[in-house]
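Good morning, colleagues. Please look at the display before I continue.

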Amino acid sequence: MTVGNLTAIRPLQPWTAPTASDPVAATLRLPGSKSLTARALVLGALASGPSTLLGALRARDTELMAGGLRAMGAHMSIADDDRWLVRPHPLVGPAHVDVGLAGTVMRFVPPVAGLTDGRVTFDGDPAARTRPLGPLVEALRSLGVRIDVTGPGSLPLTVLGTGRVTGGEVVIDASASSQLVSGLLLAAPRFDRGVVVRHVGPPVPSAPHLRMTVQMLRAAGAAVDDGTPDVWTVEPGPLSGRVWEIEPDLSGAVPFFAAALVTGGEVTLRGWPRSSAQPVERLRSLLHEMGGEVSLSTAGLTVRGTGAVHGITADLSDVSELTPVLTALAMLADSPSTFTGVGHIRGHETDRIAALAREFAGLGADVTESPDGLEIRPRPLRGGAFRTYHDHRMAHAAAVTGLAVPGVELDDVSCTSKTMPEFPALWSRMVTGGN
């Protein structure tokens with residue numbers, strides 16, 4: 001079965017996750033990476049010439065990113081669903097940026113707003129006001145940006161742009177999110193003195209995303225030195241417009257790959273590049289430990305289930321986005337699992353550690369929270385209500401569980417529109433084998 005590009009339809013709620021009666025066998029073409037799309041949009045808005053994004057993700061988070069940059073003056077158009085055109089233009093205010101619940105928007109766009117000549121206000125969904133922004137606010141202030149904040153270092157906030165940012169050296173604790181560093185680096189070539197960012201504190205999570213930021217800056221012509229641990233130097237200078245080829249979203253593919261393990265089936269993601277900016281080798285290792293077989297060929301990236309799912313002990317600090325789906329797999333495994341290194345996901349769309357423990361306990365799971373992770377002791381689960389907390393990754397975890405547990409009912413599957421509007425339709429077709 002080939003699952004193609006489907007028109008997203010907002011499903012009725014609640015949504016009962018389909019249960020698999022047979023091994024899944026699917027070839028998927030999924031939307032582009034949210035992380036790559038967001039960075040390419042920012043770099044395109046700050047470049048000296050036009051850019052084209054091929055295979056870009058069209059979802060709530062990326063549309064909010066484009067909308068925020070457009071509000072400040074960048075010209076953006078969508079030639080078709082996966083080809084976006086970006087033409088830089090002088091950044092001016094007044095402007096308002098709706099961040100929704102997107103960490104990339106709330107952390108990547110304020111440094112850009114510092115370059116805007118005018119006032120730029122930021123706010124978003126109610127839950128966005130709980131996400132950590134204080135370190136970014138203080139860092140921008142030390143670099144010469146005027147910011148008014150009504151709360152304790154969180155949304156809503158106002159950037160009073162003067163058309164330029166002095167830049168220089170800044171110290172920041174980015175242990176809550178690597179996006180705090182990426183946001184500074186992406187805008188830094190346009191700062192008068194560039195930037196030197198020094199991280200102090202516990203390790204920065206999601207290190208592959210920082211490497212992605214550095215790679216994309218260099219591809220746009222920026223001079224970046226990341227040779228010293230926890231220090232990033234970006235020199236001032238122009239950014240080049242270019243064509244960005246956006247590869248499929250690895251995090252979005254993970255629930256589909258998990259379906260291969262749960263059902264003993266096979267799922268192939270088409271269009272996967274030989275060299276990836278995303279942590280595919282780390283994912284390959286984790287899925288292999290849990291009982292999967294992963295291979296890359298001209299057909300795409302393929303995951304095969306072996307008929308068993310194994311528990312693992314793993315530090316997921318570098319791939320924390322995978323925690324919800326890996327937790328669902330661990331619930332269905334033949335031995336216990338322990339996940340650590342993900343305390344920072346308590347500050348994502350919801351407190352993911354607490355939410356996972358609470359919702360799986362409601363299905364009968366034996367699961368224990370730790371400050372930075374989860375301990376899972378598999379036992380038979382039952383169907384029941386599963387709250388998503390408006391979090392797309394929670395919905396993915398529930399869908400994976402529903403493959404083996406009849407009657408798992410999500411209160412809101414439409415939250416998957418944050419990064420993949422097609423998810424409910426794609427998932428149902430994969431499970432049922434429909435065309």
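Which residues in the largest nonpolar core touch the most other members? They are Leu69 and Phe122, in a core of 76 residues. By nonpolar core I mean a set of buried Ala, Val, Leu, Ile, Met, Phe, Trp, Tyr and Cys residues joined through side-chain atoms within 4.5 Å. Buried means under 20% relative accessible area, exposed over 50%, and partly exposed in between, with a 1.4 Å probe and protein chains only. Helix H1, residues 34-46, gives the most to this core, with eight residues; helices are DSSP runs of H or I, at least four residues, and strands are runs of E, at least two, numbered from the N terminus. A second, separate core of 75 residues includes Leu28, Leu316, Leu326 and Ala399.

A word on the basis: this is a predicted model, in which local features need pLDDT of at least 70, side-chain atom pairs count only at pLDDT 80 or more, and totals for chains, interfaces and linings use all residues. Residues are numbered from 1 along each chain as its sequence is written, and side-chain values use heavy atoms, leaving out hydrogens and water.

I turn to salt bridges, each a side-chain nitrogen of Lys or Arg within 4 Å of a carboxyl oxygen of Asp or Glu. The whole structure has 20. In one of them, arginine 352 pairs with aspartate 391, with the closest N and O atoms 2.8 Å apart. Arginine 352 lies in helix H10 (352-362) and aspartate 391 in the loop between strand S23 (384-386) and helix H11 (392-402), so the pair ties together parts 39 residues apart in sequence. Arginine 352 is buried at 0% relative accessibility, and aspartate 391 is buried at 0%. Shared partners join Glu321, Arg352, Asp391 and Arg393 into one network.
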